Every structure is written in structure tokens, then in C-alpha cells.
Amino acid sequence: MKPESTDDLEKANISSESHVKEDSEYVRLVIRNERTDVETSQSQSQSRKEAIVWWIKAIIWCIFSVIILLVSIKWGVPFFFEKILIPTLHWEATAFGRPVLALVLVASLALFPVFLIPSGPSMWLAGMIFGYGLGFVIIMAGTTVGMILPYFVGLFFRDRIHQWLKRWPHMAAMIRLVGEGSWFHQFRVVAIFRISPFPYTVFNYAVVVTKMRFWPYFWGSVAGMAPESFIYIYSGRLIRTFADVQYGNHHLTTVEIVYNVISFIIAIVTIVAFTVYAKRTLRQLESEEENNGEGSTSNLGRLELETLPMQNSKISSVWSTL
């Protein structure tokens, strides 16, 4: 046989190299596809496991809630009516006149938030005793003072409040949103915080660490507390109605039953709608902070001690009144 020429050798080498490249490319693609398939199957398996765990937790939580509800209906509600509500209503009817009782409720609503005590029971009593008209005035008057006092008291303890908030990064990140933006932005965020599940007694003090101005805080608090006041008044009136039916001589007519059922459903839907709206809006504000580059993981949990506008004049005015 004749030896192969140089050109034939070069062609053979090029052909073998191309075959090797094709084989390696094929192997690379096949391995990549296999890895992708494995990762996809693992991700799907993990998602299924998480879904199963979520449903198990949800079922356990529902069973636990039903048990708590049944126990409350069987023993808790009668105990509350017989040992707490009825004696309280009897005591307020005999111990105080209505003007004195109104002043007592206003004072409790004003002072309880200063000591981080929830003022919900006082709102319920205002609704039970005074109804929607005068009860709303009492609640708004008391809670307005109860929102102003912690604000000015907190100005004297800003450093301590700031140090305390450093222990709770998520809470600090939410509080940080309040002092940002314009007058209307601050007003809107405060109103959202008032209708959200965020503890309002803590919010009254924590807000002084930010650049929050007083008047957006004041009007936002009033706007946020107004719908909550009506809900407390309604729930108080409903509790009194149940007490009168269960332990009094009052009998509900068909119209009253239908009215109470419909109003109760509307109240529940309203509470859920306000809560969902507040949470969703706060999440959007946090997302906007992150997109603006100011809400990184390290910055969101860091709350700097800001200088409040007109802070010195406010403190001096408070000192002058003492």
C-alpha cells in the first residue's frame, strides 16, 4: 500500500478532532441535561415536601383552634359573662354616674398606653355603656391623648428606645419606614400602622427614634383609630346584647337576630380586609426601600437615631408645662 500523503493525514486529523469535539459537546450537553433534570426533580420533591408539611401544620392548627373554641364556648364564655362582665356592668351602674364614668374611661384610655397597657377593655366598656355616639367621642378623646403622651414621654428616652430597638431588627426595619418621605407619606404610613396588627403601645414610643414629625403622626393616628373605634364599639354592644339575652330578660326578635348576624359578618370581613391591606401595604413599602438601595439586609435592621424637626422646641414646651 502507498503511504498516505500529508494532506490526507491532515484531513484525517481534522476529522478525528471534529469527532472528538462533537463527542465532548454531546457528553457535555447530555450531562448538563441530566443534571438539570436531577435538580428539577429534587426541587419538585422539596416543594412537595414543603406543601405536605404546610398542610399538616394547617390541619393541626385548625384542630387546635376548634378545640380552643369549643372549650371557650363551654367554659370560657360563661365564666367571662358571670364573673367579669355582669359584675362590672352592675358596679359601674351603682358606683358612678354617667359623667364620672365617662371621665374614668377617658382617663384610662389616655394613661394605659403610657404604661404599655392595652386599652381594649376600656373601649369595649365605652361601647357597651354609651353606644356609638358618645362612646365614639369618649374613645377618640382618650386614645388621642393616649397617643400624644407616649410621643412626648418618649422624646426624653430616645437613646434607650433606640438601644432597645436594636435587639429587634425586623421591628426596627418596620419602624424605619415611618420617618421617610413627605408629610402625606408619613401620615399614610402612621394610619396604616394604626390599623395593622403592630402593637400600638410600642409604636407610640418607637416612632420618636425616626424623623417623624408630630402633625403627620397626630392626624395619621386619628385617621387610623377612627375605624378601629367603631369596631370596638360594635363588639362591645354585641357582647352586651348577648349578656342581656343569656342572663337577662331580653329576647331577640327575628329582625334583631338577622341584623346581628349580618353586622357580625360585616365586622369580621372589615377586620380581615383592614389587616390584609395593612400587611400588604407595609410589605410594598419594604420592597420599595429595598429597590431604592436603602433596604439591604444590613440596613433594614439598622435604625439610626435621627434628629426630629423642631425637637428642641417641643422638648422645651413640654418642660415649660411641667
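This briefing walks through the pockets, the cavity and some helix packing in the structure above. It is a predicted model, where local features need pLDDT of at least 70, side-chain atom pairs count only at pLDDT 80 or more, and totals for chains, interfaces and linings use all residues. Residues are numbered from 1 along each chain as its sequence is written, and side-chain values use heavy atoms, with hydrogens and water left out.

**The largest pocket**

- The largest pocket has a volume of about 890 Å³. A pocket here is an open set of points on a 1 Å grid over the protein atoms alone, with protein on both sides within 12 Å along at least five of seven lines, and its lining residues have an atom within 4 Å of a point. Points are joined across faces, edges and corners, and the volume is the space filled by probe spheres set on them.
- There are 34 lining residues, and W124, I231, Y232, S235 and I271 are the closest to the centre.
- Which helix gives the most to this lining? That's α8, with 14 residues. Helices are DSSP runs (H or I, at least four residues) numbered from the N terminus.
- At least two lining residues each come from α1 (6-95), α6 (183-195), α8 and α9 (254-291).
- By class, the lining splits into 26 nonpolar, six polar and two charged residues. Ala, Val, Leu, Ile, Met, Phe, Trp, Tyr, Cys and Pro count as nonpolar, Asp, Glu, Lys and Arg as charged, and the others, Gly among them, as polar.

**The second largest pocket**

- Next comes a pocket with a volume of about 220 Å³.
- Its lining is made of V114, L116, V153, I161, W164, T201, V202, Y205 and A206.
- Eight of the lining residues are nonpolar, one is polar and none is charged.

**The cavity**

- A cavity is a set of points where a 1.4 Å probe fits but cannot get out, and the count comes to one cavity of 30 Å³ or more.
- The largest cavity has a volume of about 40 Å³.
- Around it sit L109, P113, S119, T143, G146, M147, R194, Y200, N204 and M225. Two or more of these lining residues come from each of α3 and α7, and α3 gives the most, with three.
- The cavity lining has five nonpolar, four polar and one charged residues.

**How α8 packs with other helices**

- Helix α3 (residues 120-155) and helix α8 (residues 214-247) pack at an angle of about 155°, with their axes 8 Å apart. That makes α3 roughly antiparallel to α8 (the label for angles over 145 degrees). Axes are lines fitted to C-alpha atoms, for helices over the stretch in contact, and angles run from 0 to 180 degrees between N-to-C directions.
- α8 and α9 pack at about 145°, with axes 11 Å apart, and their crossing is left-handed.
- In that pairing, P227, I231, Y234, L238 and T241 of α8 meet N260, S263, F264, A267, T270, I271 and F274 of α9, where contact means heavy atoms within 4.5 Å. The α8 and α9 contact has eight nonpolar, four polar and no charged residues.
- α6 and α8 pack at about 35°, with axes 7 Å apart, and this crossing is right-handed. The α6 side of the contact includes W183 and R194, while the α8 side includes W215 and E228. This contact divides into 12 nonpolar, four polar and two charged residues.

Technical notes. Parallel < 35°, antiparallel > 145°, perpendicular 65-115°, else oblique. Left-handed = near helix turned anticlockwise from the far one by under 90°.
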